[in-house]
Amino acid sequence: MSMTNAAWQRSGSPSVDRHAAMAALRAIAEALEVPVDVVGEGRPADHAINLSDGSAGTALLFAYLAKASEAEPALGDATRWADAASAHLDHAIDGASTIELQAGLSAGFTGVAWAMAHVGRMLDLDVEIPGSLDHAVRALVTAGRAPVGFDLISGVVGFGAYFLERLPDTDAEHALHEIVDHLATTAHRDRVGLAWPTTPDLVTNARRSEFPNGYVDLGLAHGMAGVIAFLASAYDAGVAMRTSRELLEGAVGSLLVRECTDGGFPWAHAADAVPCPARLAWCYGDPGIALALLRAGRSLDRPAWLNKAHALLLRVTQRAPDESGVADACLCHGSAGLLHILRRAQQTLADPALGEAVRYWTGVTLAMRDHAVEPAIAGYGALVREAGISRWQAERGLLNGAAGVGLALLPVVSALDPAWDRALLLSNANPT
């Protein structure tokens, strides 16, 4: 398979302009340098501080800019960006002490603590995470199924991502054992393997008519791929290796049989629904699922899983851009997330087609600054859809905003390892 297929030839192949990437990074950094207390009219207060939308996430951008600027002065003054990282982290910490937050990784206090651990270690900051926070998270896990879901964004897998970041802390290791045990206890076992279904009582009102009997979410953000990626990290970290292996084998087996007949994975599977391939994204669809399979295949040395992941990624390179579902540049479901996943896959597989895809989607991400959408930050807007109406929105944060775009573009001009993606379960937790 090759990037020279007809669909890609029709779309053209934007070139990667290092100067354009540098300009975009500087513009994003200057636009986000000062933390804000409100990110938009009518938006919840936690959006200004959490990992997904707020200053906990933007602290990551400035920490990486600070480190990258040490080797690449054209990115700006390293001290300036380090100070900005500290300011954003302090803003998140202060906000978390006054705003009532949920527990989840994306929008809750666990995500703020993840940023504290990661940025604090990276910049050698004097950051102390209160033991009461860890105890509160562990209590949610050991309390059983009712208090939280299983997913990365707001549930137990997200707690796992946080405790992976805290290793080699002994309490974090104990917490990870508890999370693996929780996943083993709550897994639904059937003839094809293991799954963590969304039962009818948990289906949102918006999806109740489509999935009255529940469904199995397959994505990385809310579903099976997230569990698989977490278990691969736990296994590689030496945590509950026997149970992690058994769960991985069951989960991958269950995931693979849910592929669409014509290839590609839907966002969810239900017995009473006709599946069709999801868009190309980190949150849902083949890219995130493929990287989870790639990580699991490497962890357990399973060539069949590695080959399946590779085939899925090549399918991604052959999907016409106008059929990709990519409408903006964000990490969650936009071009920046796609280029970052493809870059991570290329590091493992060294396939020229993946390298060409990285260049293509990097070019797309840079070109999106020229679209002059409003509102936007440094030229980047987020396309949101509410009540059937699409509109552009200015987003600052990691998952849907300009900070995430900047982090995805940084490897164009820097050799610094983008380990921030451990928050998205796209690489191993290996803190030093």
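A residue is called buried when its relative accessible area is under 20%, exposed when it is over 50%, and partly exposed in between, with a 1.4 Å probe and protein chains only. This is a predicted model, in which local features need pLDDT of at least 70 and side-chain atom pairs count only at pLDDT 80 or more, while totals for chains, interfaces and linings use all residues. Residues are numbered from 1 along each chain as its sequence is written, and side-chain values use heavy atoms, leaving out hydrogens and water.

**Exercise 1.** Determine how the radius of gyration of the protein chain relates to that of a compact globule.

*Solution.* Begin with the rule, which is 2.2 Å times the number of residues to the power 0.38, the radius being taken over C-alpha atoms. For 432 residues a compact globule would come near 22 Å, and the protein chain, at 20 Å, agrees with this. Next, consider the extent: along the principal axes, the C-alpha atoms fill a box of roughly 55 × 55 × 45 Å. Finally, apply the opening definition, by which buried residues make up 58% of the 432 residues.

**Exercise 2.** Locate L167 and decide whether L167 is buried or exposed.

*Solution.* Second, L167 counts as buried because its relative accessibility is 13%. Third, compare L167 with A117: the two are 50 residues apart in sequence, and their C-alpha atoms are 9.9 Å apart in space.
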